[in-house]
Amino acid sequence: MRILLTNDDGIHAEGLAVLERIARRLSDDIWVVAPETDQSGLAHSLTLSEPLRLRKIDDRHYALRGTPTDCVIMGVRRILPEPPDLVLSGVNSGANIADDVTYSGTVAGAIEGTLLGIRAIALSQEYEFEDGHRIVPWETAETCAPDLIRQLIKADMPKDVLLNVNFPNCAPDAVTGTRVTVQGKLSHEASIDERRDARGFPYFWLRFGRGKADVAADSDVAAIRADAISVTPLQLDLTAHKSRAALADVLGTQAP
């Protein structure tokens, strides 16, 4: 099995090293094409107005000045001798659940693999802050992911479906199980923090916060809070099918 690895935290991220160790328990045909720098929050973006600069680290490791989406396209269309059988994106530092899925470069790497007709899985590891520092239990993803991926690739998935896997913030032996979940919903509170530089000119930081929200029992949010691994099938079709009839009624037409 040929596996292409990417991420959005960058070529030097610890999570990418964890992902490669995971992948090597599945195959010895591993290729890495990851962003040169941190691309978190860029979602499924493409680099169209600037050239893509590729740096070869060795025969199987490459860094690209581009997004995770760029990396997957570069790997599949340019670097690998043949398309991979599987795209793995991650392991992200922090969960990609609920609304955050739409911002995630990690999930976007898996989306691009799916668009190219390749089975794809995004993997993320929840963490906690302690004394202002991230404490990431990488050993949880590294321990649990290999056997989980072996099981997941046996599933008969439609070609437009990718899998979003999130590992809880706990030790491997404290994981309560694996749940097949739906994408949850969290209260989304974005704000702008204005500051002044040394010359008095304004600059801004985008700040995200969370308010209270009802958490569905079958959601990815509930699974992570219960120290369970969350596996969410995501589809590329964003059509709100249940709304088509109402729109057709307003427009005096008929939804086929």
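Mentor: The bend at a residue is the angle between two fitted axes, one through the seven residues ending there and one through the seven starting there. This is a predicted model, in which local features need pLDDT of at least 70 and side-chain atom pairs count only at pLDDT 80 or more, while totals for chains, interfaces and linings use all residues. Residues are numbered from 1 along each chain as its sequence is written, and side-chain values use heavy atoms, with hydrogens and water left out.

Helix H4, residues 138-152, has 15 residues; helices (H or I, at least four residues) and strands (E, at least two) are DSSP runs numbered from the N terminus. From first to last C-alpha, H4 reaches 20 Å, close to the 21 Å expected at 1.5 Å a residue, the expected span being 1.5 Å times one less than the number of residues. H4 has a kink of about 40 degrees at Ala145, shortly before the proline Pro146.

Both Ala145 and Pro146 are among the buried residues of H4, which also include Trp138, Cys144 and Leu152; buried means under 20% relative accessible area, exposed over 50%, and partly exposed in between, with a 1.4 Å probe and protein chains only. The buried residues of H4 pack against helix H1 and against strands E5, E6, E9, E10 and E13, where contact means heavy atoms within 4.5 Å.

Within strand E6 lies Ser124, which counts as buried because its relative accessibility is 0%. The side chains of Ser124 and Asn96 are joined by a polar contact of 2.9 Å (a pair of N or O atoms within 3.5 Å; within protein, one must be able to donate a hydrogen and the other to accept it, and residues adjacent in sequence count only if both atoms are side-chain atoms).
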